Amino acid sequence: MTREHNSYKSLLILAAGARGAIGSTLAASISALRHDPEKVLPYLTTAGKFPWLFPQEAVNLAGWDIAAHSMTSAIREHGVLPASAWASSADEIDRIQVLPAPPANASMAAQVDQIVHDIRTLTACFPESLPVFVNLLPACGAVSPDVWQAAADIVRHVNPVVFPDMAYALGAVFAGIPIVNFTPNPIDCKALVQEAVKSSIPVAGRDGKTGQTFFKVVLASAFKARNLQVDGWYSLNILGNADGKNLMDPERASGKLANKTRLLDDILGYPVGRRYGEAAHKVHIDYYPPRGDAKEAWDVIDLNGIFDMPMSLRVNLQGRDSILAAPLVLDLARWMAALFLSGRKGLVPELGFYFKKPVGDSPPVTFQEQLNCLQVLEQACNDHVHYLPGGRL
Ligand SMILES: NC(=O)c1ccc[n+]([C@@H]2O[C@H](COP(=O)([O-])OP(=O)(O)OC[C@H]3O[C@@H](n4cnc5c(N)ncnc54)[C@H](O)[C@@H]3O)[C@@H](O)[C@H]2O)c1
């Protein structure tokens with residue numbers, strides 16, 4: 001794949017799980033970017049970034065799903081957006097190509113082959129688009145990815161019924177396409193990253209940081225800066241979408257809960273609950289159907305000032321899961337396009353701002369560090385691209 005940036009006129013997001021709550025909201029957002037950009041553009045963190053890249057509005061979507069209904073049926077079913085937000089573009093939205101997922105009973109090798117074939121088919125339909133793969137599959141059960149030393153081990157040992165994400169991730173790597181892992185599923189394992197480096201593609205993830213955890217990082221970073229001592233932090237989430245239902249399975253929730261929990265101690269630099277000799281940072285997720293995608297999060301934060309005097313703070317977020325997630329997917333895809341064109345390969349911990357569990361050994365931890373890293377990364381992309389053949393657009 002050439003890295004001359006001016007040979008690409010647009011972005012192509014290839015999403016696994018394209019008809020899910022996030023994928024279908026993304027479909028409506030991409031259509032809005034074309035026809036009514038003010039509905040989406042001002043909410044993007046990449047708005048105005050990478051002016052040498054194709055325009056922000058030039059985005060296409062394609063992908064895979066096991067659900068066979070139309071994209072507009074998916075939008076209706078998830079109930080994230082009112083019809084007034086997308087109905088005038090319904091035909092265009094339904095023309096988005098969503099291919100069937102590989103058969104669940106096919107071997108991992110056969111699934112990877114199919115994904116590579118599908119990627120070639122989809123990218124051929126958008127010859128002037130730079131493709132980026134985005135993983136939007138449901139949270140999967142516990143897997144231990146670090147036992148796989150090479151891609152061949154993944155193909156041989158991973159059961160695609162338990163961990164279908166890996167077939168898509170390997171397919172993307174073999175097709176030379178940058179990867180964003182928005183799920184808590186550990187596709188960014190050693191074996192995959194080795195292959196990504198060989199294929200010269202960047203890999204970002206894991207687990208999009210959209211609502212409660214985003215505010216947790218901001219607040220915890222502020223407490224750390226003021227040296228207020230956090231004594232305990234209780235977090236509850238209620239949500240009624242398919243993700244929430246899926247997370248009622250304790251095994252499937254375990255990765256997500258670990259991602260939501262461990263970052264607090266990392267930011268503060270001490271274990272919350274140390275005076276009790278046990279963890280006093282608790283995170284719960286509860287499926288609550290009436291809420292749908294309009295998730296609610298409660299935080300009770302206990303903290304101490306001088307003389308150990310106790311204080312307390314309550315945070316109640318009435319958020320919307322997919323409304324917060326879809327623009328982040330657009331942002332991440334644009335980042336990956338810029339990183340790919342500037343020659344970045346392997347893990348990208350500097351995108352920690354966007355993730356609950358940023359990849360890599362020493363990702364930025366506090367909010368300030370995460371913002372600083374983005375600035376440095378943006379500059380690095382801009383500098384590299386400047387020297388590519390063709391120069392700036
Ligand atoms: N919404 C958020 O704020 C947020 C934040 C962080 C992480 N996430 C993660 O993002 C992911 C997607 O979230 P969502 O709310 O869109 O979930 P969802 O359940 O609505 O969508 C998942 C989609 O994947 C499809 N699917 C299942 N197995 C498949 C397969 N083998 N191949 C292709 N498609 C398949 C399903 O049919 C469904 O359409 C989840 O892992 C979630 O935990 C979401």
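Guide: We start with a working rule: two residues are in contact if their C-beta atoms, placed from the backbone, lie within 7 Å. Please keep in mind that this is a predicted model.

Visitor: Which residues does valine 40 touch by that rule?
Guide: Leaving out residues up to four places away in sequence, valine 40 touches Ser29, Ala32, Leu33 and Pro327. Valine 40 itself sits in the loop between α1 and β2.

Visitor: Why is valine 40 called buried?
Guide: A residue is buried if 20 or more other C-beta atoms lie within 10 Å of its own. Valine 40 has 22 C-beta neighbours inside 10 Å, so valine 40 counts as buried.

Visitor: How far apart are valine 40 and arginine 120?
Guide: They are 80 residues apart in sequence, and 29 Å lie between their C-alpha atoms in space.

Visitor: What makes α1 and α11 a packed pair?
Guide: Their axes are 8 Å apart, and the two helices pack at an angle of about 65°. The crossing is right-handed. On the α1 side, Ala21, Ile22, Thr25, Leu26 and Ser29 make the contact, while α11 brings residues including Asp321, Ile323, Pro327 and Leu330. By class, this contact has nine nonpolar residues, three polar and one charged.

Visitor: How do you know which parts of the chain form each domain?
Guide: The domain assignment gives domain 1 as 5-208 + 322-386 and domain 2 as 212-318. Taken over C-alpha atoms, the centres of domain 1 and domain 2 are 27 Å apart.

Visitor: What makes the two domains neighbours in contact?
Guide: Here 20 residues of domain 1 are in contact with 22 residues of domain 2. The domain 1 side of that meeting divides into nine nonpolar, eight polar and three charged residues.

Visitor: What surrounds the ligand?
Guide: The ligand has 30 residues around it, and the closest are Gly17, Gly20, Ala101, Thr183 and Ala242. Sorted by class, this shell has 17 nonpolar, eight polar and five charged residues.

Visitor: Which element gives the most to the shell around the ligand?
Guide: That is α11, with four residues. Elements that each supply at least two residues include α1, β2 and α9.

Visitor: From which domains does the shell draw its residues?
Guide: At least three residues come from each of domain 1 and domain 2.

Conventions. Residues are numbered from 1 along each chain as its sequence is written. This is a predicted model: local features need pLDDT of at least 70, side-chain atom pairs count only at pLDDT 80 or more; totals for chains, interfaces and linings use all residues. Domain bounds come from an automatic or database domain assignment. Ala, Val, Leu, Ile, Met, Phe, Trp, Tyr, Cys and Pro count as nonpolar, Asp, Glu, Lys and Arg as charged, and the others, Gly among them, as polar. A residue is near a molecule or strand if its C-beta atom, placed from the backbone, lies within 6 Å of it. Axes are lines fitted to C-alpha atoms, for helices over the stretch in contact, and angles run from 0 to 180 degrees between N-to-C directions. A crossing is left-handed if the near helix is turned anticlockwise from the far one by less than a right angle, and right-handed if clockwise. A residue is buried if 20 or more other C-beta atoms lie within 10 Å of its own, exposed if 12 or fewer, and partly exposed in between; C-beta atoms are placed from the backbone.
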